[in-house]
2 protein chains.
Amino acid sequence: MTVDPEPADAVAIEIERKFLVAEVPADLDRHPARPVRQGYLAVEPGGGEVRVRQIGDATVLTVKRGEGRTRVEEEVPIEAGAFERLWPLTEGRRVEKVRHLVPAGDGLVLEVDVYEGDLAGLVVAEVEFPSEAVADAWAPPAWLGAEVTADERYKNHRLASDGVPAA
Amino acid sequence: MTVDPEPADAVAIEIERKFLVAEVPADLDRHPARPVRQGYLAVEPGGGEVRVRQIGDATVLTVKRGEGRTRVEEEVPIEAGAFERLWPLTEGRRVEKVRHLVPAGDGLVLEVDVYEGDLAGLVVAEVEFPSEAVADAWAPPAWLGAEVTADERYKNHRLASDGVPAA
């Protein structure tokens with residue numbers, strides 16, 4: 001079980017920036033890619049959620065409970081057959097996309113998510129940095145559009161419930 | 001996936017009566033018994049819920065979504081290790097009990113649930129019938145107390161969240 005945030009000496013902070021993709025690179029399909037399906041079985045007003053996710057051949061169940069300082073998260077593997085039986089119960093609360101891994105220089109990797117299904121047309125890229133300084137200094141390539149790092153509407157559970165945000 | 005209720009020709013109706021236990025039978029421990037632990041990972045206002053359950057050595061995840069005529073339910077096995085990792089996330093929303101199977105005549109079986117943990121002291125018995133007529137005609141043994149079949153407070157998810165009902 002992971003408690004987030006943990007005490008200062010155990011914090012695992014992710015430093016990420018997220019962008020809309022203004023122009024999908026012509027060579028996108030030449031990069032490694034794998035399909036991602038995730039759907040929400042339950043979303044509680046108090047911040048709790050239960051979701052199933054399939055990335056390539058891996059199928060997992062993730063549970064989050066609580067908010068802010070007391071948020072707890074656990075992820076466990078489930079069998080492919082269990083995933084397929086639970087998937088129908090996520091109807092109307094799904095995210096389906098193909099994630100492409102595009103090198104972004106200096107060992108950085110852009111995860112370019114091309115959404116499908118109800119979210120078709122949306123393309124978002126995310127990149128994780130080793131430090132705040134590197135994140136601040138990073139110059140996005142010209143094919144990236146508006147930065148949406150702080151835009152809650154692009155969180156997966158919001159996309160799953162509310163669809164593509166209005167421009 | 002099961003849809004409940006299904007079309008009339010496919011309905012699987014459970015005819016059950018539930019009673020408080022006024023006096024626990026002295027020979028209760030001579031009957032087959034197994035521990036039951038169930039806890040809720042999420043409970044949605046709209047009737048959705050996700051719970052994990054351990055009966056003896058079996059561990060399952062159950063998801064319910066929707067209400068009334070559109071309620072859908074699915075149950076899948078999970079590994080014992082996954083159950084143990086998810087269990088802490090059910091804190092405050094648990095039912096723990098030992099279920100004893102007591103013959104009740106005519107092939108009927110009383111499931112006598114002796115609750116533990118926060119619900120310690122509560123003992124409830126449930127019996128399932130093959131028809132409404134048999135259910136109506138059945139005379140409960142003297143050691144059963146008030147019938148609570150229609151009392152929502154004795155539903156598992158209510159017991160898990162709200163504790164033992166006031167008398």
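Residues are numbered from 1 along each chain as its sequence is written, and chains are lettered from A in the order in which they are written. In this predicted model local features need pLDDT of at least 70, side-chain atom pairs count only at pLDDT 80 or more, totals for chains, interfaces and linings use all residues, and side-chain values use heavy atoms, with hydrogens and water left out.

User: How many residues does chain B bring to the contact with chain A?
Analyst: Contact here means heavy atoms within 4.5 Å. On that rule chain A gives 23 residues, and the number from chain B is 23.

User: What area is buried between chain A and chain B?
Analyst: Buried area is the accessible area (1.4 Å probe) that two parts lose on being put together, summed over both. Carbon and sulfur atoms give 64% of the area between chain A and chain B, which in total is about 2300 Å².

User: Which residue of chain A forms a salt bridge with Arg85(B)?
Analyst: A salt bridge is a side-chain nitrogen of Lys or Arg within 4 Å of a carboxyl oxygen of Asp or Glu, and the rule finds four across the interface of chain A and chain B. In the one formed by Arg85(B), the closest N and O atoms are 3.0 Å apart, and the partner is Glu74(A).

User: Is Gln38(A) buried or exposed?
Analyst: Gln38(A) lies in strand E3 of chain A, strands (E, at least two residues) being DSSP runs numbered from the N terminus. Buried means under 20% relative accessible area, exposed over 50%, partly exposed in between (1.4 Å probe, protein chains only). Because its relative accessibility is 0%, Gln38(A) counts as buried.

User: Which side chain is joined to that of Gln38(A) by a polar contact of 2.6 Å?
Analyst: A polar contact is a pair of N or O atoms within 3.5 Å; within protein, one must be able to donate a hydrogen and the other to accept it, and residues adjacent in sequence count only if both atoms are side-chain atoms. The side chains of Gln38(A) and Tyr40(A) are joined by one of 3.5 Å. The polar contact of 2.6 Å joins the side chain of Gln38(A) to that of Arg53(A).

Definitions and conventions: Helix = DSSP H or I, 4+ residues; strand = E, 2+ residues; numbered from the N terminus.
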